[in-house]
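Here are my notes for someone opening this model for the first time. Have a look at the fold, then read the points in order.

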Amino acid sequence: MITIFNRRELTITWDQARQAEIRSILSSHGIASMVKVVDFHGSSNAWNRYGHHAGTFGLNRDYLYAYKIYVRSKDYEEAEYLIRQ
């Protein structure tokens, strides 16, 4: 089980397909992973300083979500090696 106490951030990607690819590589080598999705569309970042909703007009939809991938600290070096190949 991956917890906040035994995890390490492996990488961040904006590409959902790349996130799935990385998790597949890790899984095929027996390395557990966890993904945290950061939503820039519906987050507080969408509000401007005047309290008005800024919306997403004009924003590149490819960059509305960031995927932070975590692995156990003890698996970090092996995981990093696997995704860099």
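1. Some ground rules come first. Two strands pair if DSSP finds at least two bridges between them. Strands (E, at least two residues) and helices (H or I, at least four) are DSSP runs, numbered from the N terminus. This is a predicted model, where local features need pLDDT of at least 70, side-chain atom pairs count only at pLDDT 80 or more, and totals for chains, interfaces and linings use all residues. Residues are numbered from 1 along each chain as its sequence is written, and side-chain values use heavy atoms, with hydrogens and water left out.

2. Contact here means heavy atoms within 4.5 Å.

3. Now the strand pairings. Strand 1 (residues 7-13) and strand 3 (residues 65-72) are joined by 6 bridges; arginine 8 has valine 71 as its bridge partner there. Between strand 2 (residues 33-39) and strand 3 there are 7 bridges, and lysine 36 stands opposite lysine 68.

4. How do the two helices meet? Helix 1 (residues 16-28) and helix 2 (residues 76-84) pack at about 125°, with axes 10 Å apart. They are therefore oblique to each other (under 35 degrees counts as roughly parallel, over 145 as roughly antiparallel, 65 to 115 as roughly perpendicular, the rest as oblique).

5. On the contact itself, Arg18, Ile22, Ile25 and Leu26 of helix 1 meet Ala79, Leu82 and Ile83 of helix 2. These residues divide into 6 nonpolar, no polar and 1 charged (Ala, Val, Leu, Ile, Met, Phe, Trp, Tyr, Cys and Pro count as nonpolar, Asp, Glu, Lys and Arg as charged, and the others, Gly among them, as polar).

Terms used
Axes fitted to C-alpha atoms, helices over the stretch in contact; angles between N-to-C directions.
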